[in-house]
Amino acid sequence: MARIAGVNIPTQKRVEIGLRYIHGIGPQIAHQIVTQLGIDPSRRVGDLTESEVIQIRELIDRDYLVEGDLRRDVAMNIKRLMDLGCYRGLRHRKSLPVRGQRTHTNARTRKGPAKAIAGKKKVTK
């Protein structure tokens with residue numbers, strides 16, 4: 001099993017697909033990496049030689065922001081927005097949709113499960 005950027009890449013997958021298991025590498029970047037190194041995209045991860053795995057690892061470390069560094073960078077960007085107190089930061093702080101979506105209906109993923117409204121109790125005489 002190849003280990004790149006702290007992630008175990010499944011050996012039975014194609015190289016292009018296997019690279020997508022790394023946080024921060026999607027279809028386009030995976031294709032760029034494979035073509036830049038001259039590796040056949042249809043080859044399986046288990047068929048790669050040790051030198052090819054090392055080449056992939058070095059290229060990713062040198063040119064791309066992945067895994068922990070990327071997660072830290074995104075978290076710092078969100079924290080900066082919240083510290084500034086701008087609109088987007090306030091939306092993050094309140095756990096509401098940030099990019100202009102409606103909240104009257106929908107937005108359940110971001111807001112969490114619906115809470116029942118405490119209504120008036122009926123008084124019986």
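Reader: How far apart are the mean positions of the positive and negative charges of the protein?
Author: In this predicted model, the mean positions of the 26 positive and 12 negative charges lie 25 Å apart.

Reader: And what secondary structure does the protein have?
Author: The protein has two strands and six helices. Their order along the sequence is β-β-α-α-α-α-α-α.

Reader: Why is the protein described as more spread out than a compact globule?
Author: Its radius of gyration is 23 Å, whereas the globule rule gives 14 Å for 125 residues, so the protein is more spread out than a compact globule. The C-alpha trace spans about 85 × 35 × 20 Å along the principal axes.

Reader: What share of the residues is buried?
Author: Of the 125 residues, 26% are buried. The protein exposes about 9,300 Å², and 52% of that comes from carbon and sulfur atoms.

Reader: Turning to the largest nonpolar core, which residues have the most contacts inside it?
Author: That core has 19 residues, and those with the most contacts inside it are Ile4, Leu19, Ile22, Ile25, Ile56 and Ile60.

Reader: Which elements give two or more residues to this core?
Author: They are strand 1 (2-4), strand 2 (7-9), helix 1 (15-19), helix 2 (27-37) and helix 3 (50-63). Helix 3 supplies the largest share, four residues.

Reader: What does Leu19 touch?
Author: Leaving out residues up to four places away in sequence, Leu19 touches Ile4, Ile9, Ile25, Ala30, Ile33, Val34, Ile56 and Ile60.

Reader: Finally, among contacts between residues at least 6 apart in sequence, what share joins residues at least 24 apart?
Author: The share is 43%.

How values were computed:
Residues are numbered from 1 along each chain as its sequence is written. This is a predicted model: local features need pLDDT of at least 70, side-chain atom pairs count only at pLDDT 80 or more; totals for chains, interfaces and linings use all residues. Side-chain values use heavy atoms; hydrogens and water are left out. The radius of gyration is taken over C-alpha atoms; the globule rule is 2.2 Å times the number of residues to the power 0.38. Buried means under 20% relative accessible area, exposed over 50%, partly exposed in between (1.4 Å probe, protein chains only). Contact means heavy atoms within 4.5 Å. Accessible areas come from the Shrake-Rupley method with a 1.4 Å probe; for residues, only the protein chains shown count as cover. Lys and Arg count as positive and Asp and Glu as negative; His and the chain ends are not counted. The place of a charge is taken as NZ of Lys, CZ of Arg, CG of Asp or CD of Glu. A nonpolar core is a set of buried Ala, Val, Leu, Ile, Met, Phe, Trp, Tyr and Cys residues joined through side-chain atoms within 4.5 Å.
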